[in-house]
Amino acid sequence: MKRKAMKSAVVGEQRAVKDVARVKSAVRHATTREIVVKENIRLEAMTNIMVTMDVTVNRAFGWGRKNILRMRKKMHSQMECIKRKYVTVEELEDIIRDELDIDFRIKPDSADWDMSRRVQYGVVREMSAIFILALRDEFGMGTKRTERAYQVLADIWDDINAGNVTIADMRAERDAIGRRTARKTVGGTAA
């Protein structure tokens with residue numbers, strides 16, 4: 001009976017080990033799936049925000065492709081600094097507050113947001129700080145011009161949230177920026 005009890009205990013332990021392994025595997029897959037979903041949401045949000053930022057600087061300052069690409073290059077280097085953890089979004093917001101006297105910390109509307117909304121909120125904070133700093137560092141803009149650009153950007157986002165404009169409309173407007181510039185000068189003369 002003692003051997004039978006020991007054998008039964010060993011079988012029970014093996015089942016427990018298999019159960020633990022199965023649970024860990026399920027958690028690992030759920031976490032991997034969640035990471036992939038978060039990254040997809042993040043990339044989509046960043047793409048949409050960049051489109052609106054391109055339209056913003058065109059509307060606010062009349063910039064063409066050349067300056068927009070210059071701004072994007074500066075923003076990319078700042079994103080790399082955040083990605084490599086050289087600086088945090090909070091530190092960028094503090095720099096903006098200290099140097100430009102702009103306090104634009106975006107406040108969440110609700111603490112009970114789902115994962116998608118939390119990821120989008122993080123992207124908006126990050127991209128807003130990077131946008132303001134790119135205007136400041138690359139183009140030497142002061143408080144007034146930076147606030148003007150940020151207000152145009154906020155108006156665009158409000159229109160998108162209200163349903164007055166879609167991202168597709170913004171993409172079409174952004175794509176027209178290069179075509180308008182090309183039409184203005186054909187062969188060095190105005191068209």
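Author: What follows is a set of questions and answers on this predicted model.

Reader: Let's start with a loop residue. Why is Val 87 called buried?

Author: Buried means under 20% relative accessible area, and Val 87 comes out at 18%, so Val 87 gets the label. Val 87 sits in the loop between α2 (65–83) and α3 (89–100). Leaving out neighbours within four places in sequence, Val 87 touches Cys 81, Ile 82 and Leu 92.

Reader: And what makes Gln 78 count as buried?

Author: The cut-off is again under 20%, and Gln 78 has 9% relative accessibility, so buried is the word for Gln 78. This residue belongs to helix α2. Beyond the neighbours within four places, Gln 78 is in contact with Ile 130, Leu 133, Ala 134 and Asp 137.

Reader: On to helix pairs. How do you know that α4 and α5 meet, and which residues do it?

Author: Contact is a matter of heavy atoms within 4.5 Å. On the α4 side you have Val 124, Ser 128, Phe 131, Ile 132 and Leu 135, and they meet Thr 146, Ala 149, Tyr 150, Leu 153 and Trp 157 of α5. That contact divides into eight nonpolar residues, two polar and no charged.

Reader: What is the geometry of α4 and α5?

Author: Two packed helices are described by the angle between their axes and the distance between the axes. Here the axes of α4 (residues 115–139) and α5 (residues 143–162) come within 10 Å and cross at roughly 150 degrees. The crossing of α4 past α5 is right-handed.

Reader: How do you know that the length of α5 agrees with what a helix should span?

Author: The expected span is 1.5 Å times one less than the number of residues. For the 20 residues of α5 that should give 28 Å, and the end C-alpha atoms are 28 Å apart, so the two agree. Just after α5, Gly 163 takes a positive phi of about 90 degrees.

Reader: Which residues of α5 are buried?

Author: They are Thr 146, Ala 149, Tyr 150, Val 152, Leu 153, Ala 154, Ile 156 and Trp 157.

Reader: Now the charges. What makes Glu 126 and Arg 42 a salt bridge?

Author: The rule wants a side-chain nitrogen of Lys or Arg within 4 Å of a carboxyl oxygen of Asp or Glu. The closest N and O atoms of Glu 126 and Arg 42 are 3.1 Å apart, and that puts the pair inside the limit. The pair links distant parts of the chain, with Glu 126 in helix α4 and Arg 42 in helix α1 (residues 2–61), 84 residues apart. By this rule the count comes to 11 salt bridges.

Reader: What about Glu 138 and its partner?

Author: Glu 138 forms a salt bridge with Arg 70, with the closest N and O atoms 3.0 Å apart. Glu 138 is in helix α4 and Arg 70 in helix α2, 68 residues apart.

How values were computed
Residues numbered from 1 in each chain as written. Predicted model: local features only at pLDDT ≥ 70, side-chain atom pairs only at ≥ 80, totals over all residues. Heavy atoms only, no water. Helix = DSSP H or I, 4+ residues; strand = E, 2+ residues; numbered from the N terminus. Buried < 20%, exposed > 50% of the residue type's maximum accessible area, 1.4 Å probe, protein only. Axes fitted to C-alpha atoms, helices over the stretch in contact; angles between N-to-C directions. Left-handed = near helix turned anticlockwise from the far one by under 90°. Nonpolar A, V, L, I, M, F, W, Y, C, P; charged D, E, K, R; others polar.
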